[in-house]
Amino acid sequence: GTRRGWLEAEKRGYDFILNLQNDFPCISPVPFDDIYRLFEEHEDVGFVRLNDKKKKPGRDKNKLTGKKLKYEPWIQCGDTEFSKHNHQFSFNPNLFRARYASHLVEKIEDNPREWHVAERFHTLGLKAVKIKEPCPCFKTYIRPRVPNWKH
C-alpha cells in the first residue's frame, strides 16, 4: 500500500509525501512552511525526520555505510532549526519530495523496505535532516511485542 501511494503521489505531481505509519502519535504541530523553505533552499536534503527517536548509545556509525555519523551546524528556516546528517535510517515518520518516490520503491535484493529506501537515498546523495528539540512533531512509541503477534 505504501509503495502504491507513493507512486500515485509522484504520478499526480504532488510536491511532498508525508510518510506516517499508525504507531506515532502527534505531539506538536508540524512546521510545514519551514520544512518547505528548507527543501527550497537545500537541494541536498532528502527527507526531514519528524520524530523524537534518539540514536542508541554507542551507535555512532551509519548502519548502511559504516561511516561515522556527522551532523552539520543548525540551519534556521523560519522559526525552526534543522541539522543535516548522514544517518539514512529514520524513515518513519518523515516528509520527503514526491519526485523521489519511483526511485525509492524499486526493490534492492532481499532487504526489508526500510533498508532499500535508505540505500536509495544514499545512492541519490541525499541527506537526512532532523529538527532541533523541542520541535519534533511525533512521539516514538515502541509497544512491547506480545505472544503470537503478527505483522
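Residues are numbered from 1 along each chain as its sequence is written, and side-chain values use heavy atoms, with hydrogens and water left out. Because the model is predicted, local features need pLDDT of at least 70 and side-chain atom pairs count only at pLDDT 80 or more, while totals for chains, interfaces and linings use all residues.

The secondary structure comes to four helices and six strands, where helices (H or I, at least four residues) and strands (E, at least two) are DSSP runs numbered from the N terminus. Along the sequence these elements follow the pattern α-β-α-β-β-β-β-α-α-β. Of the 151 residues in the protein, 38% are buried, a term that stands for under 20% relative accessible area, with exposed meaning over 50% and partly exposed the range in between (1.4 Å probe, protein chains only). The accessible surface of the protein, computed by the Shrake-Rupley method with a 1.4 Å probe, comes to about 9,500 Å², and carbon and sulfur atoms account for 51% of that surface. Among contacts (heavy atoms within 4.5 Å) between residues at least 6 apart in sequence, 76% join residues at least 24 apart.

Strand E6 (residues 127-131) pairs with strand E2 (residues 45-49) in the parallel sense over three bridges, and four bridges join E6 to strand E4 (residues 80-85), with these two running antiparallel; strands count as paired if DSSP finds at least two bridges between them.

The aromatic side chains form six pairs, under a rule by which rings of Phe, Tyr and Trp (its six-membered ring) pair if their centres lie within 6.5 Å, with planes under 30 degrees apart counted as stacked, over 60 as edge-to-face and the rest as tilted. One of these pairs is Phe16 with Phe39, whose ring centres are 5.0 Å apart and whose planes stand at 35 degrees, so the pair is tilted. Because Phe16 lies in strand E1 (residues 16-19) and Phe39 in helix H2, this pair ties together parts that are 23 residues apart in sequence. Phe16 is partly exposed, with a relative accessible area of 24%, whereas Phe39 is buried, at 0%. The rings of Phe96 and Phe121 have their centres 6.2 Å apart and their planes at 90 degrees, so this pair is edge-to-face. Here too distant parts of the chain are linked, with Phe96 in strand E5 (residues 94-97) and Phe121 in helix H4 (residues 113-123), 25 residues apart.

Asn51, in the loop between E2 and strand E3 (75-77), counts as buried because its relative accessibility is 5%. Leaving aside residues up to four places away in sequence, Asn51 touches Phe24, Asn92, Pro93, Pro136, Phe138 and Thr140. Phe32, by contrast, is found in helix H2 (residues 32-41) and counts as partly exposed, at 40% relative accessibility.
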